[in-house]
Amino acid sequence: MMRRLFPAPLLSAALFIAWLLLNGAAPAQLALGAVLATAIPWLTEPVRVDRPRFSAWPTLVRLGFVVLFDIVVSNVRVARLILGPEARIDPRFVWVPLTIRDPHGIVALAGIITLTPGTLSSDLSDDRRHLLVHCLNAGDEALLIATIKQRYEAPLIRIFEGAR
Amino acid sequence: MTTTFLLDLVSSALVIVGVFFTLVGSIGLVKLSDFMKRLHCPTKASTLGVGCVLIASMIDFSLAGETSLHELLISLFIFITAPVSAHLMVKAALRDDPNIPRP
Amino acid sequence: MSLLNHVLPWGIAAIALAMLLALWRLLRGPTLPDRILALDTLYIDSIALLILIGMRFNTALFFEAALIIAMLGFVGTMALSKYLMRGDIIE
């Protein structure tokens, strides 16, 4: 019964919270938000064929904090690079081999890599096994790949592929 | 030394930090010589720049008495869309650049 | 609330300066992706500017504007980049 009413509980919750953040928590808005949060996932159900399956919620929260911390740290580092002499910047493309197979996980990984300044994910190989990353200051390639794999990819594998 | 004063101080500091990173992003946009280097600049403005300003605004409006959480929505939206637009701009700039070896 | 009111005008001025720099890149080019990048930076900066102005005048009116700029700016960047990607392909 609950499953029939809410085919995508996470999406419903996200829609409800977004509606309240946008419009305030007046009783009428609560009711309208509830209606929308029920109706939209129900109507879009046939369109969403491939959906992510989350597991390991503590890992997800921890990854969020790690990413926020890294955003701050790398922002400071990139600011110093930009304000310093340009000759010190050594930009390069690096192919990062991927272990993660889940497409949603790859999207999340690419997004995290781009959000931390200094690295930009720019392409995915056709077989989805390598991610092209552009680094503002590459330095040691092996170290960079190891950092990405250990800090972001390992938790993402646990989050998106742990259930399988 | 009240909480109000402390929060005032924190939000002022956040505004300064956010504006600083936005400005540095634009300076990089003008200063750097190559498109791929320049592409790294707006990610700074969109993450820490706007993020800090939004947190400062949340604190400021909460101090004025009306709790305001719209800002969370804006920052969440920017955090989701910034990588997508950066990715598309790289693709538009590179198209099929033969200089990059395929694995 | 006094300290913030002293900081805000300087912050607004600095954001305006950042937007001028981005505008210079927009006019200068030299390539089309550069101009798209400058537009992207401009809309992000304008969100920050609107929020600062909203704080300065103590009004929540500007949030909706900032939200709409965030959405339309993203769609605009996406459309322009897609056009560049597709314009080259002979279909």
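Let's start at a helix cap: Asp102(A) sits at the N-terminal end of helix 5 of chain A, placing a side-chain oxygen 3.2 Å from the backbone nitrogen of His104(A). Keep in mind that this is a predicted model.

Is Ser74(A) buried or exposed? Its relative accessibility is 5%, and buried means under 20%, so Ser74(A) counts as buried. Setting aside neighbours within four places in sequence, Ser74(A) is in contact with Thr116(A) and Pro117(A).

Ser74(A) also leads us to some open space. The second largest pocket has a lining of 24 residues, and those nearest its centre are Ser74(A), Arg77(A), Pro117(A), Thr119(A) and Leu144(A). Two elements of chain A each give two or more residues to that lining: helix 4 (57-83) and helix 6 (141-161). Helix 4 of chain A gives the most, with seven residues. In volume, the second largest pocket comes to about 610 Å³. Sorted by class, its lining has 12 nonpolar, six polar and six charged residues.

Rolling a probe the size of a water molecule over the atoms shows where empty space is left. How many cavities of 30 Å³ or more turn up in a search of the whole structure? There are two.

The largest cavity has a volume of about 70 Å³. Chain B lines it with Leu39(B), Pro42(B), Thr43(B), Ser46(B), Ala82(B), Ser85(B), Ala86(B) and Met89(B), while chain C brings in Leu37(C), Asp40(C) and Ile44(C). The elements giving two or more residues here are helix 3 (41-63) and helix 4 (70-94) of chain B, along with helix 2 (32-56) of chain C. Helix 4 of chain B has the largest share, at four residues. By class, the lining of the largest cavity splits into seven nonpolar, three polar and one charged.

What about the second largest cavity? Its volume is about 40 Å³. Leu22(A) is part of its lining, together with His70(B), Leu73(B) and Ile74(B) from chain B and Phe63(C), Glu64(C) and Leu67(C) from chain C. Helix 4 of chain B and helix 3 (62-87) of chain C are the elements that give two or more residues to this lining. The class count for the second largest cavity is five nonpolar, one polar and one charged.

One last stop is in chain C, in the loop between helix 2 and helix 3, where you'll find Asn58(C). Asn58(C) isn't a glycine, yet its phi is positive, at about 55°. Asn58(C) is exposed too, with a relative accessible area of 51%.

Conventions: Residues numbered from 1 in each chain as written. Chains lettered and ligands numbered in written order. Predicted model: local features only at pLDDT ≥ 70, side-chain atom pairs only at ≥ 80, totals over all residues. Heavy atoms only, no water. 1 Å grid on protein atoms, 1.4 Å probe; cavity = no way out; pocket = protein on both sides within 12 Å on 5 of 7 lines; lining within 4 Å. Points joined across faces, edges and corners; volume = space filled by probe spheres on them. Nonpolar A, V, L, I, M, F, W, Y, C, P; charged D, E, K, R; others polar. Polar contact = N/O pair within 3.5 Å; in protein donor to acceptor, adjacent residues only side chain to side chain. Buried < 20%, exposed > 50% of the residue type's maximum accessible area, 1.4 Å probe, protein only. Contact = heavy atoms within 4.5 Å.
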